Amino acid sequence: MERIQEIPTFKVNGFAALVGIIAIASFGVWLGKGLVGFSNINDLLIYTNNLFGIGLVIVALVAVKGFLTVQPNQARVLVFLGNYVGSVRTSGFWWVNPFASKQLVSLRVRNFNSDKLKVNDAKGNPIEIAAVVVWRVVDSAKATFDVNSYVDFVAIQSETAIRGLASRYPYDTNQENLASLRGSPEEIAAALKEELQARLEVSGVEVIDSRISYLAYAPEIAQVMLRRQQAQAIIAARQEIIEGALSMVEMSIKRLNDNQIIQLDEETKAAMINNLLVVLTAEQNIQPVVNTGSIKL
């Protein structure tokens, strides 16, 4: 497939061209004013200057079609006799080839909000996901000639990229070194942007940013997955509590021994450890009976 790159086209300042066209038209009217009232062919031959003047007026009228205006962040794509002759990206009032067609292409930043897509994540769980993509056209020629409709192309390729991304990552994970859709938003956004840019390069589109805007388990498993998340959260919390309690018990016994405050036998240590763990890990306020055993001062 033929690839077309954007190139600048020949253009003239519109106000300068307007002055020139008015001058040509005025000169043509002045030359052609005597043509009115000729009676025969001999008179027509005599008034060749008048015919030349009429020709200048016609040229001026045709040249008027070459005027165009370009607003900021817009481009005009010019096609002459089926060939791409260049683009006008500079904002202002210009004159170009009057016989070329002039297609307007917006270079402004746009947003694409995808619909909620139902896909399976890396673990096979059905999820619903949506994303917002910020993009703009950077090559007006590619956007015009390499794809049929660059707006539709962005929409379709964005949804395809979102589906592919969701299938490569799990919704959530307990492993710290493993990225997930919910737990690694920055990494997921970077991966989505990279994949989108690769897909949209052919259309002359630049992806400025992309983010997941909606993420949830599918309704049929939402309650089950919620209970699983709650169970995992409880287990993780209990592990933290137990590790903290063991650390505090170890520190307490070590300080008692290092400072030689009291001497504890093995039975007393076991009882103290048991009671301290009960106090530190209990979910409710309790009043334990601490059995210190025999203490040697």
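Which residues does UniProt list for "transmembrane region"? The unreviewed entry lists residues 12-31 and residues 51-70 under that name; UniProt positions are given in the numbering used here, feature names are shortened, and annotations may be inferred rather than shown by experiment. The structure is a predicted model, in which local features need pLDDT of at least 70 and side-chain atom pairs count only at pLDDT 80 or more, while totals for chains, interfaces and linings use all residues. Residues are numbered from 1 along each chain as its sequence is written, and side-chain values use heavy atoms, with hydrogens and water left out.

The chain contains 8 helices and 10 strands, where helices (H or I, at least four residues) and strands (E, at least two) are DSSP runs numbered from the N terminus. Of its 297 residues, 36% are buried, a term that stands for under 20% relative accessible area, as against exposed for over 50% and partly exposed in between (1.4 Å probe, protein chains only). Among contacts (heavy atoms within 4.5 Å) between residues at least 6 apart in sequence, 68% join residues at least 24 apart.

Helix 1 (residues 14-32) has 19 residues and reaches 26 Å from its first C-alpha to its last, close to the 27 Å expected at 1.5 Å a residue, the expected span being 1.5 Å times one less than the number of residues. The buried residues of helix 1 are Gly14, Ala17, Ile21, Gly28, Leu31 and Gly32. Seen down the helix axis, these buried residues fall within an arc of 115°, so they line one face of helix 1; the arc is that of the directions from the helix axis to the C-beta atoms. On the other side of helix 1, Phe15, Val19, Val29 and Trp30 are exposed.

Helix 6 (residues 185-200) has 16 residues, which should span 22 Å at 1.5 Å a residue, and this agrees with the 22 Å between its end C-alpha atoms. Ile188, Ala189, Ala191, Leu192, Glu195, Leu196 and Leu200 are buried in helix 6, and they cover an arc of only 165° around the axis, which puts them on the same side of the helix. The face turned away from this buried side carries the exposed residues Glu186, Glu194 and Ala198. Strand 9 (126-137), helix 5 (150-168) and strand 10 (205-217) are among the elements that cover the buried residues of helix 6.

In one, 3 strands take the order 1-5-2 with antiparallel pairing, two strands being paired if DSSP finds at least two bridges between them. Strand 1 (12-13) and strand 2 (67-70) stand at the edges, each with a single partner strand, so one side of each is left without a neighbour in the sheet. Strand 1 pairs with strand 5 (residues 92-95) over 2 bridges, and Val12 stands opposite Trp95 in strand 5.

The other open sheet also has 3 strands, in the order 4-3-6 and with antiparallel pairing; its edge strands are strand 4 (83-88) and strand 6 (101-106), each pairing on one side only. Strand 3 (residues 74-80) is joined to strand 6 by 6 bridges, and Val77 stands opposite Gln103 in strand 6. Thr144, which lies in helix 4 (residues 140-145), touches Val77, Gln103 and Val105, not counting residues up to four places away in sequence. Thr144 is buried, with a relative accessible area of 15%.
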